[in-house]
Amino acid sequence: MVFIWILATFYKAPSSNKEVASRKECVECHTDESPVWVQAWKRSSHANLDKIRNLKPTDPTFYKKGKLEDVEKNLRSHGKLAEGEQLKEVGCIDCHVEIGAKKKADHAKELRMPTADVCGTCHLQEFAERESERDTMIWPAGQWRMDVHHTRWTTKRT
Ligand code: HEC
Ligand code: HEC
Ligand code: HEC
């Protein structure tokens, strides 16, 4: 928690980059700029929500479909997703600017490093458990940040 607080308090967006970019442009430019981060994201569930949506009941990861629907229901109740609208992806801009951002974002002013409460907006259950300090926490404190851009976290099956 302390570390997260530090991030939230002292994070400053790099002022060297004057881009004002759309959801798509974030990914496009960063494909050249930080390919490793983009590749990790492309393999993650966050970039492949349709795969989850199309899971068959016989698939061992079918339960994720229910989780995705819970997330969507929750986002609708917060007005971050319209009635009947599906969550297409969790993109760079959702975590690093604002969940559900539709307009362009100013790289130098609006960029953030997401803190636990950003994740918790969607992952109600995981983050409630994390906060309550039970021993069965799904994402132990200190590790949740690692999961985002690292290869351990992937829905890709071979
Ligand atoms: C035209 C290229 C370009 C576009 C478009 C772009 N970025 Fe960047 N981004 C960069 C570069 C270059 C850096 C390296 C940091 C710097 O500017 O000093 C960077 C850095 C970052 C970082 C790391 C910041 C840090 O403190 O290290 C994040 C996160 C990020 N960008 C997210 C985004 C998001 C979200 C969008 C879309 C709103 C976006 N970028 C659009 C080029 C781009
Ligand atoms: C689910 C939320 C999430 C998504 C989606 C996401 N990021 Fe991140 N990103 C994070 C978190 C959390 C960190 C900081 C923790 C870490 O180092 O893993 C981070 C760190 C970064 C950094 C490193 C900043 C630094 O200086 O250490 C860059 C660059 C970055 N992200 C770019 C991107 C780009 C580009 C995309 C889209 C292709 C993206 N991120 C999508 C959550 C996300
Ligand atoms: C806009 C909503 C949203 C945000 C914000 C978000 N996620 Fe997710 N995340 C999802 C959805 C939907 C899934 C797919 C369903 C599932 O597996 O729970 C997912 C899946 C995951 C998974 C994969 C679980 C698995 O078993 O493959 C991890 C890990 C994860 N998210 C971590 C994070 C972290 C850490 C953050 C914050 C930096 C974050 N998420 C932010 C919506 C979100």
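This is a predicted model: local features need pLDDT of at least 70, side-chain atom pairs count only at pLDDT 80 or more; totals for chains, interfaces and linings use all residues.
Ligand 1 is surrounded by 17 residues, and the closest of them are Pro14, Asn17, Ala21, Cys26 and Cys29. Two helices, α2 (residues 23-33) and α6 (residues 92-96), each supply at least two residues of the shell around ligand 1. Of the elements that contribute, α2 gives the most, with five residues. Sorted by class, the shell around ligand 1 is made of nine nonpolar, five polar and three charged residues.

Helix α2 also leads on to the next part of the structure. Two packed helices are described by the angle between their axes and the distance between the axes. For α2 and helix α3 (residues 35-43), the angle is about 125° and the axes are 6 Å apart. Angles from 65 to 115 degrees count as roughly perpendicular and those over 145 as roughly antiparallel, so α2 is oblique to α3. On the α2 side, the contact is made by Val27, His30 and Thr31. On the α3 side, Pro35, Trp37 and Val38 take part. By class, this contact of α2 with α3 has four nonpolar and two polar residues, and no charged ones. An α-helix has 3.6 residues a turn, so residues three or four places apart point the same way.

Just after α5 comes Gly79, with a positive phi of about 70°.

Note on methods: Residues are numbered from 1 along each chain as its sequence is written. Chains are lettered from A and ligands numbered from 1 in the order in which they are written. A residue is near a molecule or strand if its C-beta atom, placed from the backbone, lies within 6 Å of it. Helices (H or I, at least four residues) and strands (E, at least two) are DSSP runs, numbered from the N terminus. Ala, Val, Leu, Ile, Met, Phe, Trp, Tyr, Cys and Pro count as nonpolar, Asp, Glu, Lys and Arg as charged, and the others, Gly among them, as polar. Axes are lines fitted to C-alpha atoms, for helices over the stretch in contact, and angles run from 0 to 180 degrees between N-to-C directions. Angles under 35 degrees count as roughly parallel, over 145 as roughly antiparallel, 65 to 115 as roughly perpendicular and the rest as oblique. Two residues are in contact if their C-beta atoms, placed from the backbone, lie within 7 Å.
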